[in-house]
Amino acid sequence: MFEIKTAQSNACTAEAIWQDLQQQLAGQQFQFGFVMGHHSRVPLLRELPMLSCAAHWIGGSSCLGVITEQGVFLQQDSLAVMMIRDDEGHYASASAVIENQDIAKATQQALTLALQKAGRPYQVPELVWCMQPPGTEEAVLRQIEKVLGKKVPVYGGSSADDDVSGLWVQYDGYAIHQQAVVIAVLYPSVAISHFFHSGYVPTQHKGIVTKAKGRLLQEIDDQPAVDVYSRWLNKKISDNYMQETTLTPLGSIIEQDQLDLPLYMLSLPVDFHDDGTIELFAEVEQGTQLCLMTSETPRLLSRTGTMCDCTRSILPQQRVSGGIIIFCGACLLSIKEQMGLVRDNVCTSLDGAPFLIAFTFGEQGYAVDHTNRHGNLMYATVLFGETDADS
Amino acid sequence: MPTVEKLREKVLELTFERDNALLHVRLNQLLQKGLDAILSSDTLEDTFSKFFGVMAEGIQFDCAVLLRLEAEHFTVLARQKAPDWPEQGELGSDALQTALSGRHSVAVFNLLLLPIWGEPISSWWPAIHSALLQRIQTRDQQFLLILGSGSVAAFGPSEEKIASQFISFVASTIASVENRKLYMASQSLKERQQRIEQSLLQSEKMASLGQLAAGVAHELNNPIGFLLSNIHMFQTYLSIFKSLLTNYQLVADSGQSDEVRLRAQKELDELYQKEDVAFLLEDSDMLIADSLEGAIRVRDIVQSLRRFSHPDTDKIELVDLNESVESTIKIIGGEFKHALYLKKYLHPSPLFVMGKSNQIGQVFLNIMMNARQAIQHDHGELQISSGVRDSEAWVAIEDNGCGIEPAHINRLFEPFFTTKDVGQGTGLGLSLCHSIMLQHSGHIEVQSSLGSFSRFTLYFPLAGPMEHQD
């Protein structure tokens, strides 16, 4: 038996949240739960007997709130769960606090423990889900691949707050963390399908990264990065950078052998320094070709629905039990008033199946070039079918 | 959004879908080659040994072994770059069940972490870090295919999927081939059994005929006897009729002399005085009628015997059970005539069933013969009745003979089971009856009381609905 259910609450006390969830889930038992919510609500989970509902959890804070098939809950007061009942599947999660900025170590610990808790410390999972604080995404991906190889799809996102002020939290079913890596390993008994992409298109403005360090973009085509970016935009960036740059991020061009069309992994400029360098929300490598990307609000609103269509198309008989969607928090902030359209599009695409949309600051997923990647302003969809691929 | 960008996005989505389709293409190619490998192999081992080549086209691996699993040990059936693996090892399906937690296909990213099996595999493959384990279950055997790789975490969900679907196909194909072979073997056995039964049936028929010979001879002898007698008598009458006719011709012939005509008249008078001509004429009619009846009886018996003794054919036709009962009685009637009283209560309408008439006749004959032999006293009765029950026609043969021991009732239809003295019965009669009834989708019910009666009721599916049912 495989079943997905969602439940939501915008109550302000732990007790009221628990009552809402219990009522909507009808006291049912599940194997696994995703929980995402506003940073003001997720910490209340530590007061709730969440393990009585499911043995394994992964979650964290989501920008402004969440969206489910039941509605749009972005009033900075909500929380939602997506529960999986899978009698023949195996699921587990675990966390580790990042100490001394050793992200790899925390990832290794969380992953190893999750595999052990799933009773399969040796087996490659069907899917890995991760939740971490912003700024650690690439390191987490690298460590997961170091253990499990590059063939396992890794999805997830960074916990978020509403304005990059650092109020994000992570949750593992036992405790609330601010600097922890939470990892879930999934071995579902039904087929899954996943897709990772953005809602942006390239412009004609391109250049080579000639100097960079981690997330600091220093020079493009041997010129200060700020100068080049401003020239491409044809304006000087003032303040409130994220709002200004959300529709014009930079894209690292990834050439892929299998297709003539390149992939673009987006980086959101978040800070502009006086020395001409740009602080990005994702790493860029020296030598990479960068491109100014652009989008329009209608496209950002429709893209999640079209991605769900595409993801669903490869499920057995295209039948979907439900799914989880990661949506970039920065995109949300620029189109939040119209998010009802996103919900409607996903509802239509999934034929009313339950889903949870969470908003993160940094998205991870298995890109079309069969590589796990981290990007900004990306969308990730993971759908669960109704049957196994073999049946 | 410019059209070109929409197209780019569409192309990307199509690429995503194409990748998934390519997975199926790879799988289909594997299946095709796997099928070729199965069809070109004579043994299961040969089939599996070819799989390494086939699998290599779908999944990258450095080495492989194929094991046959018993509960507590394995045997290596085929290997590729696995020189240190022993021919047999003390690891079996029980331990694997624990290790794989019931899964059939498992991608192991670090062999040393695999419980029970991991350590020995690593010792036989020191340079191998990751593996794909695929369990294969056929009708009555269990196998394990292990693909190894020197790379860390070389196998993922897509390799698991390919291996799982490919092996599932292979296992079901092998099962189909095994089933086909079993089916052909069972067909061959069935044909052999049919031939033996056919031969037994014929032997049994001949044995029955042998036992019947005296009765049949008697049945034939009677009509033939009075046929001969009648013909002799009629021959005498004919010579008188000839004399009468000759003298009448002479008297009536005006060309004859008076003397000849007077002598003829005198002879006529003497013949009329000597013979009762009116009686002779009347008796001649009776002689001819009796002779015809006798000849018809002979013809019927001979026809029944011919039909009965004819080798079985596959001809299935509409058979009237009542007619078949009557025909059998004609053959066996001579046996009954002086030994028992025959009562018939046959259904007024023909009871048509589909079947082989001579086989059905054989069943009736065997049971009637048994009934006859069961009656040892001088007030024997054989009651034969027929009727319809739901969609079945039935014929019941009941005798008031010695009955059957309760302990024997369940063994009546076993081949070679007989209560008769050695040389008196083959023990195959009722067994053949049972077999014939099964072939006709029918069945036999037996009721008996020791020392009182036995009743065999034969049920046949009706060929069509009956207008009148009892």
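1. The lining of the second largest cavity comprises 3 nonpolar, 2 polar and 1 charged residues. Those residues are Leu23(B), His24(B), Leu27(B), Lys161(B), Ile162(B) and Gln165(B). The model is a predicted one, and the cavity described here has a volume of about 40 Å³. Both α1 and α5 of chain B contribute to this lining, with at least two residues each.

2. The structure contains 3 cavities of 30 Å³ or more. The largest cavity holds about 160 Å³ of space. Its lining is made up of 15 residues, and those closest to the centre are His197(A), Tyr200(A), Pro262(A), Tyr264(A) and Arg8(B).

3. Several elements line the largest cavity. At least two residues each come from β13 (192–198), β14 (201–213) and β18 (263–267) of chain A, and also from α1 of chain B. The element that gives the most to this lining is α1(B), with 4 residues. Sorted by class, the lining of the largest cavity has 9 nonpolar, 2 polar and 4 charged residues.

4. Next, the interface of the two chains. Chain B brings 37 residues to the contact and chain A brings 44 residues. About 3,300 Å² is buried between chain B and chain A, and carbon and sulfur atoms account for 56% of that area. On the side of chain B, Leu12(B), Phe16(B) and Phe109(B) provide 22% of the area that this chain buries against chain A, more than any other three residues.

5. Which residues form the salt bridge between chain B and chain A? The rule finds 1 salt bridge across this interface. The partners are the side chains of Glu159(B) and Lys151(A), with an N to O distance of 2.7 Å. Polar contacts between chain B and chain A amount to 5 residue pairs, counted with both residues at pLDDT 80 or more.

6. Where on chain B does the contact with chain A lie? Two or more residues come from each of α1 (3–39), α3 (93–100), β4 (105–108) and α5 (157–252) of chain B. Of the elements on this side, α1(B) gives the most, with 12 residues. The side of chain B that touches chain A has 18 nonpolar, 8 polar and 11 charged residues. For cross-reference, α1(B) also gives the most to the lining of the largest cavity, and α1 of chain B supplies at least two residues of the lining of the second largest cavity.

7. Over all chains, the count of salt bridges is 16. One pair within chain A is Glu386(A) with Arg319(A), whose closest N and O atoms are 2.8 Å apart. Glu386(A) is in the segment after β26 (378–385) of chain A, while Arg319(A) is in the loop between α6 (297–312) and β22 (320–328) of chain A, so the pair ties together parts 67 residues apart in sequence.

8. A last point concerns Arg455(B), which is part of strand β13 (residues 453–461) of chain B. The side chain of Arg455(B) is in polar contact with the side chain of Glu398(B), at 3.1 Å. With neighbours within four places in sequence left aside, the contacts of Arg455(B) are Trp394(B), Ala396(B), Ile397(B), Glu398(B), Glu445(B), Val446(B) and Gln447(B).

Note on methods: Residues are numbered from 1 along each chain as its sequence is written. Chains are lettered from A and ligands numbered from 1 in the order in which they are written. This is a predicted model: local features need pLDDT of at least 70, side-chain atom pairs count only at pLDDT 80 or more; totals for chains, interfaces and linings use all residues. Side-chain values use heavy atoms; hydrogens and water are left out. Contact means heavy atoms within 4.5 Å. Buried area is the accessible area (1.4 Å probe) that two parts lose on being put together, summed over both. A salt bridge is a side-chain nitrogen of Lys or Arg within 4 Å of a carboxyl oxygen of Asp or Glu. A polar contact is a pair of N or O atoms within 3.5 Å; within protein, one must be able to donate a hydrogen and the other to accept it, and residues adjacent in sequence count only if both atoms are side-chain atoms. Ala, Val, Leu, Ile, Met, Phe, Trp, Tyr, Cys and Pro count as nonpolar, Asp, Glu, Lys and Arg as charged, and the others, Gly among them, as polar. On a 1 Å grid over the protein atoms alone, a cavity is a set of points where a 1.4 Å probe fits but cannot get out, and a pocket is an open set with protein on both sides within 12 Å along at least five of seven lines; lining residues have an atom within 4 Å of a point. Grid points are joined across faces, edges and corners, and a volume is the space filled by probe spheres set on the points.
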